[in-house]
Amino acid sequence: MKNRFLAAALLVNALALPLSQAAAQDRVDEAKKGDVTVVVSGLSHHFGQRSYWDENGQNRKWNETNYGAGLEYQLSKHFYVAAGGYKNSIHRASFYGGVGVETNGSKPLGLGIEAGLITGYEIPVVPSVIPYVRIGSRNAPVNFKINVIPPIKGLTPAVVALQARIKIG
């Protein structure tokens, strides 16, 4: 009886050790307060409507090379603040600031949403709420955000935009 108890205890420990190590690694891989990430904006694609009428009455194609840069500062495991600038879809400079929340930080795929304010459009300061899919662990040296902007009647067709995130600290 004593040997069976000892064998069962050893078996439980042998199974529990790898699980506890995996759980500890998950905690290490999660984003931490104070992490700083450089965000590089790049490409976008506008669905459906391929052009727009500008303020001068000219029909223009959407700008789909939205170069820019920004920073994200991790407030906690899931929350961050963000600020930056880019060349927007109507060929103007835009600046943004806001807060974001993201799930599954240590997993290779995650979801997030960013809310804040953006400049550079017909209305000088526009409130925004942008959902996104993250590809790559939040704590990896590099991961990618695919922003999904739904169509807004009279303003924009549906858009997807790609950003790369580079962790610097």
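User: Which residues make up the largest nonpolar core here?
Analyst: A nonpolar core is a set of buried Ala, Val, Leu, Ile, Met, Phe, Trp, Tyr and Cys residues joined through side-chain atoms within 4.5 Å. Buried means under 20% relative accessible area, exposed over 50%, and partly exposed in between, with a 1.4 Å probe and protein chains only. Here the largest core has 7 residues: Val39, Tyr80, Ala82, Tyr86, Tyr96, Ile118 and Tyr132. Strand S5 (residues 79-87) gives the largest share of this core, 3 residues; strands are DSSP runs of E, at least two residues, numbered from the N terminus. This is a predicted model, where local features need pLDDT of at least 70, side-chain atom pairs count only at pLDDT 80 or more, and totals for chains, interfaces and linings use all residues. Residues are numbered from 1 along each chain as its sequence is written, and side-chain values use heavy atoms, leaving out hydrogens and water.

User: What does valine 39 touch?
Analyst: Contact means heavy atoms within 4.5 Å. Leaving aside residues up to four places away in sequence, valine 39 touches Gly68, Ala69, Gly70, Glu72, Tyr96, Gln163, Ala164 and Arg165.

User: Is asparagine 143 buried or exposed?
Analyst: Asparagine 143 counts as buried because its relative accessibility is 2%. You can find asparagine 143 in strand S9 (residues 142-149).

User: Which backbone oxygen does the side chain of asparagine 143 reach?
Analyst: A polar contact is a pair of N or O atoms within 3.5 Å; within protein, one must be able to donate a hydrogen and the other to accept it, and residues adjacent in sequence count only if both atoms are side-chain atoms. In this model, the side chain of asparagine 143 reaches the backbone oxygen of serine 137 at 3.2 Å.

How values were computed
Helices (H or I, at least four residues) and strands (E, at least two) are DSSP runs, numbered from the N terminus.
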